[in-house]
Amino acid sequence: MEQIFFVPSIQYFVNRICTPAWVISRQLIDFHDLTYVIGGKGEYVIDGVSCPVGEGDLLYIPPGTWREAKTDEKDPMRLYAFNFFLYDADFRPTKLPLPLGCHIRHDVKLEHLLLRIRQIYALREMTCQMQAAALFMEMICHLLILTGLIQGTGSDPRVQKAAAYVTEHISRHI
């Protein structure tokens, strides 16, 4: 089985509460854009295709893509957004295997990771970039499982309990 490994370089992170007039003007991006909508409604236009978004929607826009966006004036979006560069294990630019857009529902673990990243950036400690990158990598792993792109066992408490037992008793003779 081939391992999946990404090295992110986060350039921009925001927990945005959009104003009714918020827009992103049409632009060709040279970075990855990962946006998770936690409330409200809006519309992204990606390479000329309209993508309405709302609570629980995840957008992944890779470099080399035209994008623009606006929020619904009556129900402005609330979202988390990352702009980042991404490299594979050999430090070559790469893309995530995520779909352009999907609905991933309310997810407690995802929201916890986003909150932790927000807290880390708010504290502005010397290691905040490294800590945020580590949590971002965990978030990407979780998104790959949530979207069904990889199989994960970490959410099954029975598997977690068995793994903990094996780890604790690995050095014992049978």
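This is a predicted model: local features need pLDDT of at least 70, side-chain atom pairs count only at pLDDT 80 or more; totals for chains, interfaces and linings use all residues.

Gly-42 has Val-53 as its bridge partner in β5, and this is one of the 6 bridges that join β4, residues 41–46, to β5 in the antiparallel sense. Residues are numbered from 1 along each chain as its sequence is written, and side-chain values use heavy atoms, with hydrogens and water left out.

When I say strand, I mean a DSSP run of E with at least two residues, and a helix is a run of H or I with at least four, both numbered from the N terminus; two strands count as paired if DSSP finds at least two bridges between them. In the hairpin of β4 and β5, 2 residues lie between the strands, and Asp-47 takes a positive phi near 50 degrees.

β4 also pairs with β7, again antiparallel, through 5 bridges, and there Glu-43 stands opposite Lys-70 of β7. β7, which covers residues 65–71, is in turn joined to β2 by 5 antiparallel bridges, with Arg-67 in β7 as the bridge partner of Gln-27. Put together, this gives an open sheet of 4 strands in the order β2-β7-β4-β5, with antiparallel pairing. Its edge strands are β2 (23–29) and β5 (49–54), each of which pairs on one side only. Neighbouring strands are turned by 15 degrees against each other on average, direction ignored, where the axes are lines fitted to C-alpha atoms, for helices over the stretch in contact, and angles run from 0 to 180 degrees between N-to-C directions.

Let me turn to β6. How many of the residues of β6 are buried? The count is 5 of 5, where buried means under 20% relative accessible area, exposed over 50% and partly exposed in between, with a 1.4 Å probe and protein chains only. Asp-57, Leu-59 and Ile-61 point one way from β6, whereas Leu-58 and Tyr-60 point the other way. β6 pairs antiparallel with β3 over 4 bridges, Leu-34 having Tyr-60 as its partner, and 3 antiparallel bridges join β6 to β9, residues 101–103, where Leu-59 stands opposite Gly-101.

On a 1 Å grid over the protein atoms alone, a cavity is a set of points where a 1.4 Å probe fits but cannot get out, and a pocket is an open set with protein on both sides within 12 Å along at least five of seven lines; lining residues have an atom within 4 Å of a point. The lining of the largest cavity includes Leu-34, Leu-58, Phe-82, Met-139 and Leu-143, and β3 gives the largest share of that lining, 3 residues. As for the largest pocket, 12 residues line it, and the closest to its centre are Gln-3, Ile-4, Phe-5, Cys-141 and Ile-150.
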